[in-house]
Amino acid sequence: MTDERTDFCVVGGGPAGLTLALLLARSGAKVTVVERSTSLEREYRGEILQPGGQALLAGLGVLDGARARGCHEHDRFLLEEHGRVLINGDYRRLPGPYNCLLSIPQRHLLAELLDHCHRENRFSYLGGAKVTGLVRDGSTIHGVVARTRGGERTVHSHCVVGADGRFSKVRQLAGIENDRRDHFAQDVLWFRLRSLGDAPRDVRIFRAGGNPLLAYASVPDRIQLGWTLPHNGYRELAAHGLGYVKDRLRAAVPRYADQIDAEITGFKDLSLLDVFTAKAQQWVLDGLLLIGDSAHTQGPIGAQGINLAIQDAVAAHPVLLASLRANDASAGFLRRYADNRRRDIETMTKIQRVQSKTMFSTGTVAAAVRPKLAMLVSRTPVYRAVLRQIAFGNRGIQLRADLLSH
Ligand SMILES: Cc1cc2nc3c(=O)[nH]c(=O)nc-3n(C[C@H](O)[C@H](O)[C@H](O)COP(=O)(O)OP(=O)(O)OC[C@H]3O[C@@H](n4cnc5c(N)ncnc54)[C@H](O)[C@@H]3O)c2cc1C
């Protein structure tokens, strides 16, 4: 067993964990990130980054390098029904300079964040280290135990930050209940096709026939598609066989029918996302803070997960530094972060639920009302305000440059 000591032990090197690690290390704190993966290739994770997250990454000097690794810029978000555009979320009309949606593979984002972290001499990274236990003294958490190829490692810390995603081990080890809510009536079946011709510059939901489908250009030269299906309905659907599933996909998006035929050759080409939201009952315990998906898992509607994860890190940064200086990592101290942030997350979850109902609801009444309602709503100032909220989140969350060495 190898032991080490750090100020902050961040579990999980995803967008939340690496953004926070960079901020803390640039502020002079000693930071150790414990990440179970040995590479940056993770199972498929979302790629759409909203303007708010882009602006924060730009402020950290990370955005340009991440973009240079490959991305697509999108001007608009569209809801299209039988070829008619019902909602045109025009990002170019938002305040610049980050007034676009960015489709950027998470590995590009993570690689750039990690490169910047490695330039800080008080940063260390334990890759291929899976957290399996917490170090406790009574009810206070003082570190983690991780399993690595070379044996067990113990990392003692002033504070542990759980940034280990929707199925957080840290949350589970700490005994924190996670309130899962099946707010959304759909799951998503993801697949990719080759991009033929110019990459489209919008993120589009098609309602052509059958279930709605999301499509956008993805790096390097692919179209990423997400077909919505009734929540928990995949097993029954798949039981009808691949041919049946492909028929349904072709009906949903006739313009890609030939490619679906040629390129979907087995169930291995399809991957299911179980859509749910969840909130951890506590985000803080003595010696522990949860951020990102481990604290609150969002549905994929409106592409909020990465944005909120980055904003969580930026909002937590000054509180964690103050806790280090005060030598106080009690739940009472760390609540300064959690109480405010919960309100932001609640607001966004409500917006996502409305988006989901507007875009994905089925049935004859919904089908008759949607076009009028969508066109009416999308022309109002309220809609423009909601679009700004979706794009930027809480604009009060800003980098604390005064705490950073550079
Ligand atoms: C299919 C899919 C599509 C999505 N689409 C979008 C989208 O378009 N836009 C968007 O904004 N969001 C999207 N999301 C959500 C987004 O991916 C997440 O909200 C975001 O990645 C959360 O970041 P995070 O850092 O909190 O957690 P994660 O990105 O999940 O990172 C957690 C990290 O913790 C590590 N880890 C886990 N357990 C352990 C352990 N025991 N020990 C050590 N390390 C551990 C994992 O390997 C991982 O690196 C999507 C999610 C999914 C699943």
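**Exercise 1.** What percentage of the 406 residues in the protein do buried residues make up?

*Solution.* Start with the source: this is a predicted model, in which local features need pLDDT of at least 70, side-chain atom pairs count only at pLDDT 80 or more, and totals for chains, interfaces and linings use all residues. Residues are numbered from 1 along each chain as its sequence is written. Next, apply the cut-off: a residue is buried if 20 or more other C-beta atoms, placed from the backbone, lie within 10 Å of its own. Buried residues then make up 45% of the 406.

**Exercise 2.** State which radius of gyration a compact globule of 406 residues would have, and compare the protein.

*Solution.* The radius is taken over C-alpha atoms, and the globule rule is 2.2 Å times the number of residues to the power 0.38. For 406 residues the rule gives a value near 22 Å; the protein has 22 Å, so the two agree. Along its principal axes, the C-alpha trace spans about 60 × 45 × 40 Å.

**Exercise 3.** Describe the residues around the ligand.

*Solution.* The ligand is surrounded by 34 residues, the closest being Gly14, Gly46, Gly165, Gly292 and Gly305. Two or more residues each come from helix 1 (15–26), strand 2 (31–35), strand 9 (130–137) and helix 9 (305–325). Helices (H or I, at least four residues) and strands (E, at least two) are DSSP runs, numbered from the N terminus. Helix 9 gives the most, with four residues.

Definitions and conventions:
A residue is near a molecule or strand if its C-beta atom, placed from the backbone, lies within 6 Å of it. A residue is buried if 20 or more other C-beta atoms lie within 10 Å of its own, exposed if 12 or fewer, and partly exposed in between; C-beta atoms are placed from the backbone.
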